[in-house]
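Student: I want to learn how to read a model like this one. Can we go feature by feature?

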Amino acid sequence: MSLNLYSKPIGEVNEEIIEKAKEFAENKIAPFAASWEKDHVQPRETLSEAIKLFCPLAIDESDGGYGYSKETYVLVLEELAKADYGFTFALAVHNHTAFGISLSDNKEVKDKYLKKLMTGEMIGAFLLTEPECGSDASSVTTSATEENGVWTINGRKSWITNAHSADLLMTYVQTGEGYKGISTFAIETNSSGVSTGEQYDMVGAHAMVTGEVIFDDVKVDNNMMVYPIGKGFSGALRVIDGARLCVAAMNNGAYMGCLETGLEYVRNRVQFKKPLVKNQSMSFAYADRLTELEASRMLTFQAAKCIDEDENTLISLAHCKKYSAINAYNGISYVMRSMGANGLLRKDYPIVRQLSGVAISFNTDGTSDILNIVIGRQM
C-alpha cells in the first residue's frame, strides 16, 4: 500500500526520473536487499547501474549533470531508500565524491574522472574521517609531503563507505597545520601503497561495505590535487552540506517504506475479532507517526529549496538531518513493535534491516550534538 501524504515539494520536480527511481527500487533493489545485508556484500553491477541513472542528479548542468532541482534528488533518494538504506547510502557517497570533484578548479582532474564517475565506470569514496578524527574534521593527520612535484601520502582513513569497492578515493590530507593546511587529492585505489582493512561488521547497512583505507608512501602527482592547500577544508564542508540533505531524504524514505509495511500488516492482522488498526491506541500511534513523517519531509524539501536558491543552508540542513534521524529511528522502532514478534523477522519483512540502517544516520555527516551546536549558535 502507499501512504496518503500531504507533504509536497515546494518547487518543480522531474517526475520522469522519480518514476525511474521507483521502478529501479522495486525491480533492482527490493528483491535482493535482504541477501546483500545477510552476506555483507555490495552489488557492484547494480550500483554502477544506479550511478549511471542517478549520479548526474548531484552534478550541475555546466559539468554534464541533469540540472534538475535538489527536491527532485530528494524524492529519488526517498524512493531508493524505501527499498534499502545501505545500498542507497553507498550510491549517495559515490555521488558526494563526484560532486566534490565537480567543484574542483583543477580541469585535469575533472576531465580525467568526472565522466567516469557519472557513468558508473568508476566508483568513488570520500575519505575524511580518521581513527582519531571524526567530528573535528580539522584535525586530519594523514600527511602529504612534496618533492619535485610529487606528493607522498601516509596515514589511515576510517569509516569509509565503499572502501572495498571504490576505484577513486577523494582523500583529505594535512599539508600544513589545522584546517588551513588541509588539501585534497584524487587517488586511484590501484596505486602502489594503497590498501584496505577488514570490512566493518556494523549494526547494519552492510551494502555500504564500510572499512579502513591505508596509505603507505603512496605517490601522487601534483596535478591530481582536487583542492589546493587551504581550500580542502571548505571543500569538505560543501560536500558534507549536501550529504546532510541526502541523509535526511534517505531517512524519510526508509521511514515511509516501513510505515507502508506496518500499516498493511495491522490492517490485515486480526486479533480479538478485529484488525489491529481498529484499536484506537494503535490508530492514534500511527497517526502520530504520519505527522512526524510529514513534518520531516517538509523540513527536507525546505532545505533542498534553500540550496536551489543559493540561500544560507547551514541551519535548514542541520534541522532536517537531525529531525529525520530521530523520527525515522523512533518511528520504525514503533512499527516493529506494532507487528509483534513478526516484526523481528529479517527474512519476511524489511523493518529490522531498515531500522539498523537508519541507526547509522545518527553518527554520520554531523552527529545530533554537532547539529545542535550549529543550531544553538544561530539561536
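Tutor: Start with H94, which lies in helix α5. Helices (H or I, at least four residues) and strands (E, at least two) are DSSP runs, numbered from the N terminus. The model is predicted, so local features need pLDDT of at least 70 and side-chain atom pairs count only at pLDDT 80 or more, while totals for chains, interfaces and linings use all residues. Residues are numbered from 1 along each chain as its sequence is written, and side-chain values use heavy atoms, with hydrogens and water left out.

Student: Is H94 buried or exposed?

Tutor: Read the relative accessible area: under 20% is buried, over 50% exposed, and partly exposed in between (1.4 Å probe, protein chains only). H94 has 0%, so it is buried.

Student: Which residues does H94 touch?

Tutor: Contact means heavy atoms within 4.5 Å. Not counting residues up to four places away in sequence, H94 touches I51, C55, L117, M122, I123, G124 and N162. For a spacing in the fold, take H94 and E146: 52 residues apart in sequence, 28 Å in space, C-alpha to C-alpha.

Student: Where is S324, and which residues does S324 touch?

Tutor: S324 sits in helix α9. Its relative accessible area is 1%, so S324 is buried. V247, A248, N251, N252 and S296 touch S324, leaving out residues up to four places away in sequence.

Student: How many residues of helix α10 are buried?

Tutor: Nine of nine, across residues 351-359. The run goes I351, V352, R353, Q354, L355, S356, G357, V358 and A359. The cover over the buried residues of α10 includes α2 (33-39), α4 (70-83), α5, α7 and α9.

Student: How many residues are in the largest nonpolar core?

Tutor: The general idea comes before the count. In soluble globular proteins, nonpolar side chains tend to be buried together. A nonpolar core is a set of buried Ala, Val, Leu, Ile, Met, Phe, Trp, Tyr and Cys residues joined through side-chain atoms within 4.5 Å. Here the largest has 117 residues, and F54, L80, I153, Y172, F185 and F215 have the most contacts inside it. Helix α7 (residues 232-268) gives the most to this core: 18 residues. Another core lies apart from it, with five residues, among them I315, A318, V374 and I375.

Student: What is I153 in contact with?

Tutor: Set aside neighbours within four places in sequence. The contacts of I153 then include T142, S143, A144, V173, F185 and I187. F215, D216, D217, V218 and V220 are also on the list for I153.

Student: How many aromatic pairs does a search of the whole structure find?

Tutor: It finds 12. Rings of Phe, Tyr and Trp (its six-membered ring) pair if their centres lie within 6.5 Å; planes under 30 degrees apart are stacked, over 60 edge-to-face, and the rest tilted. F24 and F54 are edge-to-face, with 5.9 Å centre to centre and 90 degrees between the planes. F24 lies in helix α1 (residues 15-29) and F54 in helix α3 (residues 44-54), so the pair ties together parts 30 residues apart in sequence. F24 and F54 are buried.

Y286 and Y334 also pair edge-to-face, at 5.5 Å centre to centre and 75 degrees between the planes. Y286 and Y334 are both buried. F32, W36 and F87 form one aromatic cluster.

Student: What lies over the face of Y334?

Tutor: A charge sits over a ring if NZ of Lys or CZ of Arg is within 6 Å of the ring centre and within 35 degrees of the ring normal. R289 lies over the face of Y334, 5.4 Å from the ring centre.

Student: Which residues have a positive phi although they are not glycine?

Tutor: Most residues other than glycine have a negative phi. H40 has a positive phi of about 55 degrees. H40 lies in the loop between α2 and α3 and is partly exposed at 26% relative accessibility. D217 also has a positive phi of about 55 degrees. D217 lies in strand β7 (residues 211-221) and is partly exposed, with a relative accessible area of 45%.
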